[in-house]
Amino acid sequence: MKKVKSAIILAVIVLFTAILGVADFCNTFPLPKFIENGIKDFNSIGSTIGLGIDLKGGYVGVLTPKLDEGQENADIDELFESAVDILQARLENKGYTEATITIQGIGASREIRVEIPEVDNAEEVLEVIGSAGKLTFEDSSGTVYLEGADIADCQAGYDQDGEPIVQLKFTQQGTKKFSEATAALTSKQLYIKLDGEVVSAPTVNEQITSESAQITGIATPEEASNIAAIIKGGRLELEFELASSNKISATLGENALPASVIAGAIGLVIVFIIMILNYRGLGVASSIALSIYTVLLVVLLALIPWVQLTLPGIAGVILSIGMAVDANVIIFERIKEEYANGKTVTSAINVGFKRAFITIFDSNITTVLAAIVLWILCPGSIKGFAITLLVGILLSMFTAIVITRFIVKLLFNISEGKPSFFALKREVLEDEEA
Amino acid sequence: MKKLKDLKLKIVEKFKYFAPISLAILLVGLILMLIPGVGMNVGIDFAGGAKVNVDFGEYLSNNPNLKTELIDEVSSVITGEGFSIGSTRWSGDSNTILEVGLEYEVGGKKVSSKSEDEQRAFLEKIEGTEENSYEDGLVYKIRQAVETYNAEFEGVEVSANIVNGSTSKKLLSNAIWATAVAVVIMLIYIGFRFTLTSGIAAVIALLHDVLVMIALTTIFQIQVNTTFIAAVITIVGYSINATIVIFDRIREVSKLDSMKDLSDSDIANKSIADTLGRSILTTLTTLAVIVVLAVVCAVMGITTMEEFALPIIFGLLAGTYSSVFLSASIWVYLRKLASKIKESAKKAKSAN
């Protein structure tokens with residue numbers, strides 16, 4: 001009875017994994033015509049994962065500096081360097097952690113080249129990204145009360161009517177200045193300007209002592225998000241204008257992504273073969289668990305909004321697959337050892353999982369810690385690596401500890417606990433004693 | 001009794017044979033790095049270089065099948081003139097602009113690009129000089145070759161510019177800094193969960209793996225670009241994982257009552273033997289995945305991916321080597337060192 005029940009559960013799990021696998025990858029692999037026709041309007045889950053410029057291409061913009069008269073003699077190296085930092089920060093605020101910035105040209109004829117991933121409004125972003133970002137709160141006569149430096153944090157959002165706004169949070173100094181400004185301007189208009197242009201001009205009703213304020217009167221949510229990204233990134237000493245913008249194809253070539261997917265599939269099959277040859281029933285369990293791991297990883301990468309898969313990200317995936325296999329190997333070696341030491345199959349499995357858990361926990365937590373540090377401290381493409389690695393390792397721990405264990409239990413019931421099915425032997429021990 | 005077989009594996013005692021292998025690789029790598037004109041094969045990402053843009057215009061957008069031939073045509077002119085190609089890619093709204101990255105190299109020799117004058121001189125080689133109506137430059141020769149290849153490309157636009165590696169260098173220094181912080185945090189964690197000696201030994205093993213990886217990358221002259229950073233960090237993760245598995249075993253074996261009489265070396269040897277199956281199998285499977293990636297990319301001609309996969313393969317091998325042959329031995333020697341220091345401190349105390 002137990003045997004039949006377990007077999008049915010296992011079949012259902014395999015079926016669900018297969019269905020999810022199809023949903024993940026179906027338009028990556030060449031499919032037979034009859035399936036292809038059936039899923040014409042369907043986008044696979046895998047295809048919704050955000051891809052970086054190296055795998056999918058994007059847009060490139062060349063920004064040329066607008067040199068003011070006073071700046072001609074300034075240290076141009078320094079100006080460019082700080083500009084690159086601020087542009088990077090602005091792009092990261094927009095969620096383009098994978099954006100790359102390079103300086104090209106020699107001497108004073110230098111330009112900044114910005115590459116951003118392919119997104120709906122890429123050209124619009126390139127258009128505004130190089131603006132000075134000089135935020136001022138002024139009265140009608142042009143007296144400045146607050147500046148960008150008084151803003152501690154800012155975010156795009158919506159007000160209660162669903163209109164796009166930018167939420168500002170002042171620094172301590174800024175709160176004081178804002179309170180003074182609103183006291184001075186009660187029942188007058190306050191002009192919030194970005195680069196000299198009025199974004200919104202609310203009438204002040206009373207003195208406001210709160211540490212936050214909103215910029216309203218913004219046309220689109222997209223514009224709000226751009227304004228927020230620019231203000232938060234800081235003010236540019238050197239202003240830029242977009243000299244040209246263009247589409248670019250995938251840096252690694254158009255084949256890079258299909259190549260990695262195909263390589264991943266072949267790699268997994270090889271891993272399955274190695275595991276099954278070595279561990280038989282346990283290998284089957286880990287092959288099923290690893291398949292579940294893979295299809296779930298794709299779903300997670302598609303669901304987590306700040307994932308932008310790039311070549312380093314693929315490295316993160318490979319490393320986490322390696323660690324998922326490793327976790328299984330550690331468990332199985334332990335089970336083999338416990339059985340060889342004289343335990344029954346059931347208790348060898350139980351003790352094996354329990355003991356191996358400590359090993360897996362310690363070895364994976366160190367990597368998790370490293371991934372978190374990299375995620376917090378690193379700019380650009382390394383962030384993408386860190387997030388895929390983090391997601392991958394946490395999922396691999398879960399798969400090894402929960403899913404592999406459950407499937408081993410099912411297979412144990414199905415095989416009625418035969419040691420040979422799990423490639424468990426005691427001869428090693430007896431030989432030694434002889 | 002049953003531990004007899006395990007004890008036959010005397011890896012700690014053979015440390016003096018294993019360590020020199022790593023040292024030799026490191027030494028060769030270091031020497032190559034210091035030889036002028038060899039060094040690490042640093043790509044445009046870090047070293048900077050030039051970018052040549054060839055805009056083929058509308059005719060190509062109507063005949064996209066010509067792309068492969070055009071890349072070959074342009075590439076052969078560039079290499080024929082003694083320049084080295086770092087990367088090629090298509091851009092433009094209808095993908096008709098070929099972007100070729102050139103390294104600071106002329107006739108197979110690296111040229112210095114430290115000063116602006118040197119950069120200008122390099123750009124002049126590409127753009128040509130005014131007194132020769134630019135006919136001595138690469139740009140002119142590419143234009144000519146493309147126009148000869150197909151008259152439809154008459155008036156093809158070719159331009160060049162210098163690209164600067166400074167932003168990638170910044171990424172690198174940020175990454176090194178962040179990795180250092182990560183290593184310190186790992187050291188604290190290991191010190192907390194295991195012992196400080198284990199933590200230090202693990203970090204030494206990690207440094208070994210990364211340095212051997214860098215040395216091998218230099219020895220095989222694989223080009224280093226920003227993706228190398230991710231490759232190195234991947235190995236940091238892998239290496240620490242592999243080492244911890246052994247130290248976890250050492251921790252467990254040390255606690256067993258039946259192992260009370262064993263020396264540190266015996267505990268280490270036993271732990272290596274106990275985890276040997278795991279070490280081999282995990283290396284084999286991870287290697288399989290990455291080797292397949294390298295092979296598939298080589299077959300499909302994606303060189304950047306190869307440049308990424310090969311250093312990882314070096315790092316995996318170094319990581320396995322160190323976790324089996326070195327890390328536990330380092331742990332033993334560190335323990336010896338620690339007890340010696342303690343003893344001499346005690347002696348100093350009793351002498352007082």
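Within chain B of this predicted model, confidence is lowest in helix α1 (residues 4-7), at a mean of 49, and highest in α9(B), at 95. These values are pLDDT scores, the predictor's confidence in each residue on a scale from 0 to 100. The average pLDDT of chain B is 87, and 97% of the residues score at least 70. The model as a whole scores ipTM 0.83 and pTM 0.84. Because the model is predicted, local features need pLDDT of at least 70 and side-chain atom pairs count only at pLDDT 80 or more, whereas totals for chains, interfaces and linings use all residues. Residues are numbered from 1 along each chain as its sequence is written, and chains are lettered from A and ligands numbered from 1 in the order in which they are written.

Chain B has 12 helices and six strands; helices (H or I, at least four residues) and strands (E, at least two) are DSSP runs, numbered from the N terminus. The C-alpha trace of chain B spans about 90 × 45 × 30 Å along its principal axes. Of the 352 residues in chain B, 46% are buried. A residue is buried if 20 or more other C-beta atoms, placed from the backbone, lie within 10 Å of its own, exposed if 12 or fewer, and partly exposed in between. Among contacts in chain B with a separation of 6 or more, 72% join residues 24 or more positions apart, a contact being a pair of residues whose C-beta atoms, placed from the backbone, lie within 7 Å.

Helix α9 of chain B (residues 196-219) has 24 residues and reaches 34 Å from its first C-alpha to its last, close to the 34 Å expected at 1.5 Å a residue; the expected span is 1.5 Å times one less than the number of residues. The helix α9(B) is mostly covered, with 17 of its 24 residues buried. Just after α9(B), Gln221(B) takes a positive phi of about 55°.

Positive phi values also occur in chain A. Arg280(A), in the loop between α8 and α9 (281-303) of chain A, has a phi near 45° and is partly exposed, with 17 other C-beta atoms within 10 Å. Ala423(A), in the loop between α12 and α13 of chain A, has a positive phi of about 60° and is likewise partly exposed, with 18 other C-beta atoms within 10 Å.

The contact between the chains takes 63 residues from chain A and 67 residues from chain B. Elements of chain A that each supply at least two residues to its side include β2 (100-104), β11 (239-248), α11 (345-377) and α12 (381-415). The largest share of that side, 13 residues, comes from α10(A). The side of chain A divides into 38 nonpolar, 19 polar and six charged residues, where Ala, Val, Leu, Ile, Met, Phe, Trp, Tyr, Cys and Pro count as nonpolar, Asp, Glu, Lys and Arg as charged, and the others, Gly among them, as polar.

The largest nonpolar core has 169 residues, and those with the most contacts inside it are Leu374(A) and Val54(B). Such a core is a set of buried Ala, Val, Leu, Ile, Met, Phe, Trp, Tyr and Cys residues joined through C-beta atoms within 7 Å.

Conventions: Contact = placed C-beta atoms within 7 Å.
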